[in-house]
Amino acid sequence: MITTEAAVLTAVNEPLEFTEILVDDPEPHEVRLAVSNVGLCHSDLHYMTGTVSADLPVVVGHEVAGVVESVGSAVTTLRPGDRVVGALTPSCGMCRNCQVGHSTQCQRVTRIRQRPRPAFQLLDGRVVHRLGDVGAFSRHTLMRENSLVKVADEVGLHVGCLLSCCIITGVGAVFRGAEVRPGATVAVIGCGGVGSAIIQGARLAGASAIVAVDLDDARLAAARVYGATHVVNGAADVAAEIQNLLGDGVDYSFEAVGSARTAATALEVLRPTGTACLVGIAPDGTDLTLPAWNFFFSEKRLIGSYMGSGQAQEDIAQFARLYQQGRLLLDEMVSDVIGFRDIDKGFEAMKSGEVTRIVADLTV
Ligand SMILES: [Zn+2]
Ligand SMILES: [Zn+2]
């Protein structure tokens with residue numbers, strides 16, 4: 001067991017508490033990671049503000065990259081000193097869903113999340129929970145060997161961490177979730193970290209038109225850098241604007257906000273037979289009410305994609321190579337790198353909507 005510093009959420013809508021915690025030794029298939037960089041993600045904010053409930057106290061933070069510090073007795077593919085990015089959906093690799101590549105739907109996820117001892121504890125012995133079994137706002141954490149992907153030295157960890165959540169989620173939704181065809185037309189509703197990744201995925205997939213939709217003009221300007229061919233301010237009648245721009249609805253729409261209203265927009269902007277893909281995480285209790293004619297008369301489809309739809313390890317390794325080739329833009333997505341103690345300020349800045357991604361540096 002080691003002692004380290006963590007940012008602990010002890011009550012919703014309160015500042016994080018920077019305090020010493022105990023981090024357990026790795027189990028046989030685990031690795032203890034010295035966390036170097038963590039991207040600030042809207043999912044963290046859901047837990048911090050209570051729109052999605054969590055057991056407290058908890059360490060949030062999950063878009064993680066770091067350096068392997070020590071390994072469990074059964075670990076064979078990683079060594080201390082390896083630079084790694086988190087693949088955040090723990091999976092067994094052996095159940096029916098894992099075997100067909102749907103590891104985000106692992107049937108044994110509850111069992112493999114169990115540890116004989118808590119991973120994190122306060123110095124008085126109280127258990128500290130970890131968001132998604134990651135708990136990245138801690139200078140050290142424990143992760144399973146198969147939840148980490150080694151990256152080349154050329155991939156800076158302050159940008160590499162983006163691969164772990166927003167890039168895999170966004171690009172994965174395009175490639176594996178909706179399976180966008182070359183030449184197709186795409187609309188992306190919400191252009192934060194995940195939306196920017198979806199735009200890049202659509203560009204890589206060979207979409208012939210990519211319409212970025214957001215309420216923030218700075219984000220729309222950035223969307224053009226990632227590959228948007230058209231932009232629409234979300235305050236307008238989005239479906240009518242897209243009709244004007246393209247002369248038709250789109251083949252694929254992606255919702256990266258997490259609200260019932262934007263989900264309805266995603267369905268509305270489709271041409272008949274188009275596919276709407278819900279990617280944004282909606283607050284607990286969100287229900288969708290949608291006009292049914294879309295599905296029979298217009299043969300539209302509504303699907304979801306979670307964390308890139310299931311092949312994170314392989315995809316992250318490929319996306320890292322696309323970054324090294326200059327085809328996947330990561331540096332451009334990092335609006336700011338902040339110190340560990342400035343995480344609360346970073347989340348405040350994120351709420352303003354002008355940033356794509358703020359990354360915390362835990363090495364200083
Ligand atoms: Zn995230
Ligand atoms: Zn499984």
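Predicted model: local features only at pLDDT ≥ 70, side-chain atom pairs only at ≥ 80, totals over all residues.
Colleague: Let's start with strand E1, residues 2-8. Is it largely enclosed or open, and why?

Modeller: Look at burial, residue by residue. Buried means under 20% relative accessible area. Six of the seven residues of E1 are buried, so the rest of the structure largely encloses this strand.

Colleague: Which strand pairs with E1, and in what sense?

Modeller: Strand E2, residues 17-23, pairs with E1. The sense is antiparallel, over seven bridges. For one spot to check, find Ala-7, which stands opposite Phe-18 in E2.

Colleague: Where do side chains point in a strand?

Modeller: In a regular strand they alternate between the two faces of the sheet.

Colleague: Now helices. How do H4 and H10 cross?

Modeller: Compare their axes. Those of H4 (residues 157-178) and H10 (residues 312-324) come within 9 Å and cross at roughly 105°. Angles of 65 to 115 degrees count as roughly perpendicular, so H4 and H10 are roughly perpendicular to each other.

Colleague: Which residues meet there?

Modeller: On the H4 side, they include Leu-163, Ile-167 and Phe-175. On the H10 side, Ile-316, Phe-319 and Tyr-323 are among them. The contact has 11 nonpolar, two polar and three charged residues.

Colleague: Which residues of helix H6 are buried?

Modeller: H6 spans residues 217-226, and its buried residues are Arg-219, Leu-220, Ala-222, Ala-223 and Tyr-226. Look down the helix axis. They fall within an arc of 160°, so they line one face of the helix.

Colleague: What covers the buried residues of H6?

Modeller: The cover includes helices H1 (42-49) and H5 (193-204). It also includes strands E12 (209-214) and E13 (230-233).

Terms used:
Residues numbered from 1 in each chain as written. Chains lettered and ligands numbered in written order. Heavy atoms only, no water. Buried < 20%, exposed > 50% of the residue type's maximum accessible area, 1.4 Å probe, protein only. Helix = DSSP H or I, 4+ residues; strand = E, 2+ residues; numbered from the N terminus. Pairing = 2+ DSSP bridges. Axes fitted to C-alpha atoms, helices over the stretch in contact; angles between N-to-C directions. Parallel < 35°, antiparallel > 145°, perpendicular 65-115°, else oblique. Contact = heavy atoms within 4.5 Å. Nonpolar A, V, L, I, M, F, W, Y, C, P; charged D, E, K, R; others polar. Arc of directions from axis to C-beta.
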